[in-house]
Amino acid sequence: MDLPPYIVQGEGMKKRFEIYKKGCLPAGWIFVAGFLIGSFLPNLMWKMEWNQKTAASFYLLGAFADKTSGDGGYLWQVFRMRGSFFLLAAFCGVSVFGVPLAVTGSLLMGIEMGALLAMSVLQFGLQGGVVGAGLLFPQYLIYLPCLFFLMKRVYAQSLDIWRSHGLFPKRVSDYVIHVCLCGAVYAVGIFLEAYCNPIVVETLIKTLHIF
């Protein structure tokens, strides 16, 4: 026997409410919203100084592409930039700050990627878009799954503190283990960004003759 539509819809809404109640962060949807925002903002502000800033950033990118990809100094720079956010998010997971950080972090990830690709296309056309995508490859194949997982764990763990009125959450050992495993995989992305991404970007720039 088929249920009336309003009952089916009510059950669907109830299930979604239970998901949020259990502390499940819709990180993917928040990321998509941020990506759309990041894609539209450069188009709205293109007549201002965004084009000059984009040209300057691509100039620095061209200078960087000629460097040796195995530079240990660049590895430390990437590790400091990427690792600091990861550690900040991990520590916020055992505090009340984890909930807003998880939401904001998921949104900013999307805005960053969307703005980068949009500005690249606006400044250099489709070829610029290819190079802009090259800036994200292959490290973001590791970063995105790890960060989605981390944001969801941070959100859920921090939400437990909200519910416990600031008391230290239970099962924190599971949270630490998950974060450490995620961090180990995330470190692979850092090495890919430091040693593989410069080769990809250099090859694209030389092949497409942007500069």
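Does W29 count as buried or exposed, and at what relative accessibility? In this predicted model, W29 counts as exposed, because its relative accessibility is 70% and the threshold for that class is over 50%. The protein as a whole contains 8 helices and 0 strands, and of its 211 residues 38% count as buried. The points below begin with the overall build and then turn to the core, a pocket and several individual residues.

**Overall build**

- When contacts between residues at least 6 apart in sequence are considered, 85% of them join residues at least 24 apart.

**The largest nonpolar core**

- The largest nonpolar core is made up of 33 residues, and those with the most contacts inside it are L25, Y143, L150, M151 and Y186.
- Helices α2 (27–44), α4, α5, α6 and α7 (172–195) each supply at least two residues of this core, and the largest share, 10 residues, comes from α6.
- As a general background, nonpolar side chains tend to be buried together in soluble globular proteins.
- Y186, one of the core residues with the most contacts, is in contact with R82, F86, I142, Y143, C146 and L147 once its neighbours within four places in sequence are left aside.

**The second largest pocket**

- The second largest pocket has a volume of about 210 Å³, and its lining consists of M81, R82, F85, G105, L108, M109, E112, M113, Y140, Y143, L147 and Y186.
- Helices α4 (72–92), α5 (98–134) and α6 (140–163) each supply at least two residues of this lining, with α5 giving the most, namely 5 residues.
- Sorted by class, the lining holds 9 nonpolar, 1 polar and 2 charged residues.
- Y143 and Y186 are named among the lining residues of this pocket, and both are also listed among the residues with the most contacts inside the largest nonpolar core.

- V154 is found in helix α6, and it counts as buried because its relative accessible area is 0%, where the cut-off is under 20%.
- Not counting residues up to four places away in sequence, V154 touches A89, A90, C92, G93, G98, A102 and Y175, while its C-alpha atom is separated by 9.9 Å from that of V103, a residue 51 places away along the chain.
- S158 also has its place in helix α6, and S158 is buried, so its relative accessible area, at 0%, falls under the 20% cut-off.
- With its neighbours within four places in sequence left aside, S158 is in contact with C92, G93, S95, V96, F97, G98 and V99.
- C92, G93 and G98 are among the residues that V154 touches, and C92, G93 and G98 are likewise among the contacts of S158.

**An exposed tryptophan and a cis bond**

- W29, the exposed residue of the opening question, lies in helix α2, and its C-alpha atom is 9.7 Å in space from that of G110, although W29 and G110 are 81 residues apart in sequence.
- P138 is found in the loop between α5 and α6, and the peptide bond leading from F137 to P138 is cis, with omega near 0°.
- For comparison, most peptide bonds are trans.

Technical notes
Residues numbered from 1 in each chain as written. Predicted model: local features only at pLDDT ≥ 70, side-chain atom pairs only at ≥ 80, totals over all residues. Heavy atoms only, no water. 1 Å grid on protein atoms, 1.4 Å probe; cavity = no way out; pocket = protein on both sides within 12 Å on 5 of 7 lines; lining within 4 Å. Points joined across faces, edges and corners; volume = space filled by probe spheres on them. Helix = DSSP H or I, 4+ residues; strand = E, 2+ residues; numbered from the N terminus. Nonpolar A, V, L, I, M, F, W, Y, C, P; charged D, E, K, R; others polar. Core = buried A, V, L, I, M, F, W, Y, C linked by side-chain atoms within 4.5 Å. Buried < 20%, exposed > 50% of the residue type's maximum accessible area, 1.4 Å probe, protein only. Contact = heavy atoms within 4.5 Å.
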